[in-house]
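Me: I would like to learn how to read a protein model feature by feature. Can we go through one together?

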Amino acid sequence: MLQIQNLHAGYGKVEVLHGISVEVPQGKVVTLIGSNGAGKTTTMRSVSGMIRPMSGNITLNGKNITGLASNKITRAGLAHSPEGRRVFSTLSVTDNLLLGAFPRLTFGRERGDVQGDLKRVFDLFPRLKEREAQLAGTLSGGEQQMLAMGRALMLNPDVLLLDEPSMGLAPLLVKEVFRIIRELKARGITMLLVEQFAAAALDVADYGYVLENGRISVHGPAEQLKNDPAVKAAYLGAAH
Amino acid sequence: MEIFAQLILSGIALGMIYGLIAFGYQLTFATSGTLNFGQGEALMLGAMVGLTLVGHMNYWLMIPLVLVFGALQGVLVERLGVLPALKTKSEFGWIMTTISLAIIFKNVAENVWGHDDVTFPSPLPTAPLQFFGLRVLPMEILVVAGALAVMLAVEIFNRKSIYGKAVVATSNDRDAAGLMGINTGMVITFSYALSSMTAAFAGVLVAPLTLTGATMGAVLGLKAFAVAIIGGLNSGMGVIVGGLILGIAETTTGYYISTGYKDVPGLLLLLLVLAIKPAGMFGKSVIKKV
Amino acid sequence: MSAAKIISAILAIVLAALLPTIWPNPYYIHLMVVIGIYAILLLGLDIVVGYVGEVSLGHAALFGIGAYTVGVLNWQFGAHFLLTIPASIAVTALFGAILALPALRVNGPYLAMVTLAFGTIIQILINEMTFVTNGPLGLKIRKPVFFDYHVTGTDYYYIVLVALVATLFVVQRILKSHLGRAFEALHDSPIASDCMGVSVYGYKVYAFVLSAAIAGLAGGLFTYSEEYISPNTYNFELTILFLLAVIMGGRKTRSGSVLGAIIIVMLPNVLSDIELFRKIATGIAVVTVAYSVYALATRQRTLKQVALPVLATIALAVSGYMMDNITDHRLTIFGAMILFVVYYLPNGLMGFLRSIVQKYRPQWIHRHEVILEHGDKHHVWSVPDHPVTARGHLLEARNITMQFGGLKALNEVNLDIAKGSVHGLIGPNGSGKSTMMNVLTGIYKPAAGEIEFNRKHITGATPSSIAGEGIARTFQNVQLFGEMTAIENVLVGLHHTFKHSLIDVVFHTPRCKKEKNAAYLRAASLLQFVGLADLANEEARNLPYGKQRLLEIARALALNPSLLLLDEPAAGLTAPDIKELMAMINKVRGHGITVILIEHHMDVVMSICDKVTVLDFGQKIAEGTPAQVQSDEKVIEAYLGGSAAA
């Protein structure tokens, strides 16, 4: 579904990713784990067009999307719930969700049942339903995270990118977020999940890639990675 | 006392014009973080084009044509001046290009319409109406109503339509708006079109009350910037209040001191507000993340 | 300055001195006087526009203030040239300070509007305050008289030439001193300037005052040259013309200012002659088309790239034949020229010439002063300006709380840093490490809590004063002064060692020379310490990422800190580089400097830190030796998520 080949990317002259390749098959959940500064978010940003890759190839559904503007990539069917949530703080919860369906409401993507999807998102996140008229800026961190995820779902995406959905959340909410990811997986949504919480991410994912200093150091089925000592070392350094 | 009340009343109409131009500054600043230094010239062009058209048609028919002209002028400014500078992230660039486009517009207007100020025929009776002993020009009422109508229309568009929400989303977070499939470049172009359109409309509203000429824009644009700063570049109510403060300050200064000094209070207020509270009296100050 | 430059400068001055004999026409002599006066003003304007990087739309007004100071003193009191000129410099400098006050709070477009408002107010005041200025009628002044000798037009030319050369000399010396470096630094990175003890506010005001004083000199000279002044001269059009001159001639060059002055004075003359204009416009169009065809043929440019300039120049030429009066269109032409310069000649004509020469004779071009000082091991270290008097803990932060909107980025965090230790600060993304750095260095004011450093309360102090107390830092997203060379970057860090004044700078007093030599030696030694000796004269922005990080360390050490904050120093370094970095940090500690280290390379943290503090959600979750922290359940959970979600 989503293929990343030999991706080099960074900011200005600084290269952060030194050629990584990741594959996300239809209906599967793939996770990208690694410590701070390893290049996880840079990968996500290159895929969704927030930054222009230096070189490499990214295809979505067989269509080459490398270097396209992010609005075009979104219309091609890729939704990205970005790091830091980035909800539209002066708009209401409902408006934020409707903007997630912007291509469906305007042009470029099949309209389908937007109102029905809105209801389904509210079913998935009852907390958002309670706050539907509230401005997104007044939500708590956890609610904003749910809003960001719900907003991305409103696209009816072919692939969903979740960047650090657990970042800055209290443990109870982290649990809730992972419950929802599991729920989405059960619905057959293809996902690329970036996480710092490696154990939890590997629990939900089918396949995992470990990113270290801009390179893939280890990859394999999630079950297998869980017990790989290299994964722990990538975070906390080898024991002394 | 009666004179003072009369001055306040005249100040209101003037203030609403300032508020309307200042509103135009807010529109582009919200979506792109840029300002058109030629906002006053956009107003002047609107008034001049309106003046030409009014020779061939009714005032009310002329307005939609002027609006279209204003929008096109805004697009031109954005494409020629702002877009290239935004691409290179050069603040110096867009400040200089919008200034230079402004002087080009002014010069072209001088060559097309001449150097002299002319009167703009009023579409409404010029005899003042009497309210409790105070005199109000029908045109002044139209100015206040027109300015409020434009702001209200934009507000409704932003709140009710999905495209309006896309504009708000772009002002909130341009990158995130792009992720929603919103073409943020188009939104910025649109905001320039809307901004210049507002200015052109302000031009045909204010023209029957003042003299119309190629030089009318510069000081109006500067004072409207003062209003935008006093009110805060991100506060909708702020520009109305700021406009009224300035309008009234100006008519009273003109009466009690000298008309020669009438522009001074606004500019001084601009300097003071920027020196003391740059976020404006109604704007929220934000902590800049490093 | 190189010998070649000095010789060409002397030649230019001699040529300028001979011009009145070659070209005795009074009209031309007057034009040259005006060029000289404008050049003086532009030298000052370039300090603000080129070095500090702010758009000033108020310089025509400053010019007017200078002119009117002379005019009014002469008209009201009959004051003499020798009195009026210094007075116009002083008065205009004062107005420059007033103009700079809002600059304390704002920059960019706001400041541009402030200067525009200032200019408009001044014009109104000159017009309206008839009792002082004689209002719109203007003032008449005669050329100065020295001992009953009436100065002639040609004599006056020499007076202006002397003033121009003197201004060139002074401005050149200032801009090549630590003051000039401070101006450039605050433009390149205001935050880093403040953290290097170079107060952004202070130096912005300094630059405005200097620039205004020079504008005052120019204005005063202008009054005697024109012998008549009226308020309408100092309008928006003149301001635009000045800006055009600075950016067209080339920012940050003295020759550019002179060239710009020549262009804007000659331009109206060219434009008044329609025939001449047609020839020039046709010439430009022919050259542009020829070059574009060549560029297209050799595939250096695409059709899209050349289309706009080709069309524009052809339109210019055609319009020349359609118009019968060009003067009416001069503002359009100025505007078009600014557009052209902004898009196609961002470095102005001098920058363009320089890039051509650079291509063929790179050894002729030095954008920066080349500093060939050799460093040594002895001059790397120096005693802090404020020696450490604290015992035990060098820094104590109590209950620090920092809030962004509803989010508590730091929640009652305590931090004790033992004197002489390397203290690690780690935690997942968004845990508040960088926020803590910014609080400690004064960039953020904490909502609550107190910081005591070296037995002094520094809570709420400005970044530059905290830097002065001896806290130096590097930045997570590198904040170098990109357009300055590596060694110049370090010299900005050494700004605190320059104690001499403006007078010392202008006259190169022994004190100035001594401090300068000491600083050069020290800077070279610091570069050697971080392994960048070979790259000393390379522009910082051209260095590889890893080297940029090392340069930041050298710059921070230049402050003689007693506490050094390193924010992810190993990011972007290769494995051998990281080893060297660790050795470097150990040496820093060896010289008694306490270090706080934020780092994601856990190997680095674990092997050199004496103590590690772990933050999560803005709270301290663990503290201890590296081994203790590494095996702490809470830490493992914070990093790996543990089984929290399972």
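Me: Which helix of chain C holds Ser211(C)?
Reply: This is a predicted model. In it, Ser211(C) belongs to helix H10 of chain C, which covers residues 200-226.

Me: Is Ser211(C) buried or exposed?
Reply: A residue counts as buried when its relative accessible area is under 20%. Ser211(C) has a value of 0%, so Ser211(C) is buried.

Me: What is Ser211(C) in contact with, leaving aside its neighbours within four places in sequence?
Reply: The partners are Gly44(C), Leu45(C), Val48(C) and His59(C).

Me: Now the surface. Which residues make the nonpolar surface patch of about 860 Å²?
Reply: The patch is made by Ile6(C), Ile10(C), Val14(C), Leu15(C), Leu18(C), Ile22(C), Trp23(C), Tyr27(C) and Tyr28(C).

Me: Which helix gives the most to the nonpolar patch?
Reply: A general point comes before the case. An α-helix has 3.6 residues a turn, so residues three or four places apart point the same way. Here H1(C) gives the most, with six residues. Helix H1 (3-22) and helix H2 (26-52) of chain C each supply at least two residues of the patch.

Me: How do I read a sheet?
Reply: Strands of a sheet pair through backbone hydrogen bonds, either parallel or antiparallel. In this model, four strands of chain C form an open sheet in the order S6-S5-S8-S9, with antiparallel pairing. Strand S6 (407-418) and strand S9 (456-457) of chain C are the edge strands, as each pairs on one side only.

Me: Over how many bridges do S5 and S8 of chain C pair?
Reply: Strand S5 (residues 393-404) and strand S8 (residues 448-453) of chain C pair over five bridges, in the antiparallel sense. For Thr401(C), the bridge partner in S8(C) is Ala448(C).

Me: What can be said about the span of helix H3 of chain C?
Reply: The check is to compare the span with 1.5 Å a residue. Helix H3 (residues 59-77) of chain C has 19 residues and reaches 26 Å from its first C-alpha to its last, close to the expected 27 Å. H3(C) is also mostly covered, with 14 of its 19 residues buried. Just after H3(C) comes Gly78(C), with a positive phi of about 60°.

Me: Where do Lys223(B) and Glu250(B) lie?
Reply: Their side chains meet in a salt bridge at 3.1 Å, N to O. Lys223(B) is in helix H9 (residues 216-231) of chain B and Glu250(B) in helix H10 (residues 236-256) of chain B, so the pair ties together parts that are 27 residues apart in sequence. Both Lys223(B) and Glu250(B) are buried.

Me: Is Lys620(C) buried or partly exposed?
Reply: Lys620(C) is partly exposed, with a relative accessible area of 33%. Lys620(C) forms a salt bridge with Glu623(C), with the closest N and O atoms 3.3 Å apart. Glu623(C) is partly exposed too, at 32%.

Definitions and conventions. Residues are numbered from 1 along each chain as its sequence is written. Chains are lettered from A and ligands numbered from 1 in the order in which they are written. This is a predicted model: local features need pLDDT of at least 70, side-chain atom pairs count only at pLDDT 80 or more; totals for chains, interfaces and linings use all residues. Side-chain values use heavy atoms; hydrogens and water are left out. Buried means under 20% relative accessible area, exposed over 50%, partly exposed in between (1.4 Å probe, protein chains only). Contact means heavy atoms within 4.5 Å. Patches are made of residues with over 30% relative accessible area and no salt bridge: like charges are joined within 9 Å, nonpolar side chains (Val, Leu, Ile, Met, Phe, Trp, Tyr) within 5 Å. Accessible areas come from the Shrake-Rupley method with a 1.4 Å probe; for residues, only the protein chains shown count as cover. A salt bridge is a side-chain nitrogen of Lys or Arg within 4 Å of a carboxyl oxygen of Asp or Glu. Two strands pair if DSSP finds at least two bridges between them. The expected span of a helix is 1.5 Å times one less than its number of residues.
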